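Dear colleague,

Please find below the structure I am handing over to you, together with its sequence. My notes on its pockets follow.

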Amino acid sequence: MAKIGFIGLGNMGGPMAANLLAGGHQVTVFDLSASAMQTLAKKGAALATSAAEVARDADFVISMLPAGKHVEALYLDPEDGLIGTLSSTTLVIDSSTIDAATAQKVAKALADKNIGFIDAPVSGGVGGAIAGTLTFIVGGSDAQFRASKPVLENMGKNIFHAGDVGAGQIAKICNNMLLSVLMAGTAEALQMAIDNGLDPSVMSDIMLQSSGRNWTLELYNPCPGVMANVPSSNQYQGGFMVDLMRKDLGLAMDTAVKSHSATPMGALAQSLFSMHSLQGNGKKDFSSIFEMFSKQQ
Ligand code: NAD
């Protein structure tokens, strides 16, 4: 049993912390939202009054925050950053999806004080967080990966070591960039089939057994009515929000610029999801990109 501090109890962090409690760990939590804290208190978490209180004496500190600026402020803020509280016996695990440069900057500043930091972003969404089946993609040293794995296994099913610190974030955004391209491409192919009189369920079955087969067709069909229990059959509610995909595509484009990578498909997907968000769809599931094609009839 480890002493774990958890900071950021939102859609993802809340159920992740709950799974650590279910795994028998001693978990102390902090969030700016009192109601998020109360939900975890009911499951047996100790409540802290500040992030610093969470960090004190913890074997692991896990953060699950919206973006890079929140992570940098949490650890490096000159006034109350955790860099002033953490000790060298604590391993910091940041599971937020942020830019690799910020992850590396925080890791370097903490390493200078002999405090370990790894990036461990996740794939699998809120459903995976609740079920404890997330995929973790870790950036850090071999020793840090080995130390974190037993803890991450309480929250996830597949735990990958992508490389040094920052590599987890790079792997995560490469994956999400591809996912956005697959989703937009599947949506336009299905709509073209419909426009030509085909049944989208039949078309999906054909592509599933043909060379167009991909994850969105297998598990997350974007066309309403084709698949049960997916956001497209529930007015695109739940799942992975357009605005989160847009954020990840922004990170992907920043990365491509820095590494001089050619990403024409990713760039197009980033524009499509941005337009879709600007048209008022930011809070819908990302498979709602299908409506961009179907509503133009
Ligand atoms: P969320 O907005 O639901 O939760 C973020 C939480 O952080 C909120 O409860 C907020 O109050 C808290 N918070 C913000 N600043 C804080 C601070 N300084 N101290 C303490 N608490 C603070 O977001 P989420 O959906 O849980 O996503 C978290 C991260 O996981 C993001 O980086 C996101 O990109 C990533 N992610 C999300 C999904 C998904 O499907 N939602 C999937 C994979 C990865």
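The lining of the largest pocket comprises 20 nonpolar, 20 polar and 8 charged residues. Please bear in mind that this is a predicted model. In total, 48 residues line this pocket, and the space within the pocket amounts to about 1,300 Å³. Nearest the centre of the largest pocket lie Met12, Gly124, Gly125, Val126 and Phe240.

As to where this pocket sits, both domain 1 (3-164) and domain 2 (170-293) contribute lining residues, so the largest pocket lies between them. At least two lining residues come from each of the strands β7 (122-123) and β9 (156-163), and likewise from each of the helices α6 (125-131), α8 (167-195), α10 (215-219) and α11 (242-259). Of these, α8 supplies the largest share, with 6 residues.

The second largest pocket has a volume of about 400 Å³. It is lined by 17 residues, and those closest to its centre are Ile7, Phe30, Leu32, Leu65 and Leu74. Two or more lining residues are given by each of α3 (51-55) and α4 (68-76); the largest share, 3 residues, belongs to α4. By residue class, the lining of the second largest pocket divides into 10 nonpolar, 4 polar and 3 charged residues.

With kind regards

Terms used
Residues are numbered from 1 along each chain as its sequence is written. This is a predicted model: local features need pLDDT of at least 70, side-chain atom pairs count only at pLDDT 80 or more; totals for chains, interfaces and linings use all residues. Side-chain values use heavy atoms; hydrogens and water are left out. On a 1 Å grid over the protein atoms alone, a cavity is a set of points where a 1.4 Å probe fits but cannot get out, and a pocket is an open set with protein on both sides within 12 Å along at least five of seven lines; lining residues have an atom within 4 Å of a point. Grid points are joined across faces, edges and corners, and a volume is the space filled by probe spheres set on the points. Helices (H or I, at least four residues) and strands (E, at least two) are DSSP runs, numbered from the N terminus. Ala, Val, Leu, Ile, Met, Phe, Trp, Tyr, Cys and Pro count as nonpolar, Asp, Glu, Lys and Arg as charged, and the others, Gly among them, as polar. Domain bounds come from an automatic or database domain assignment.
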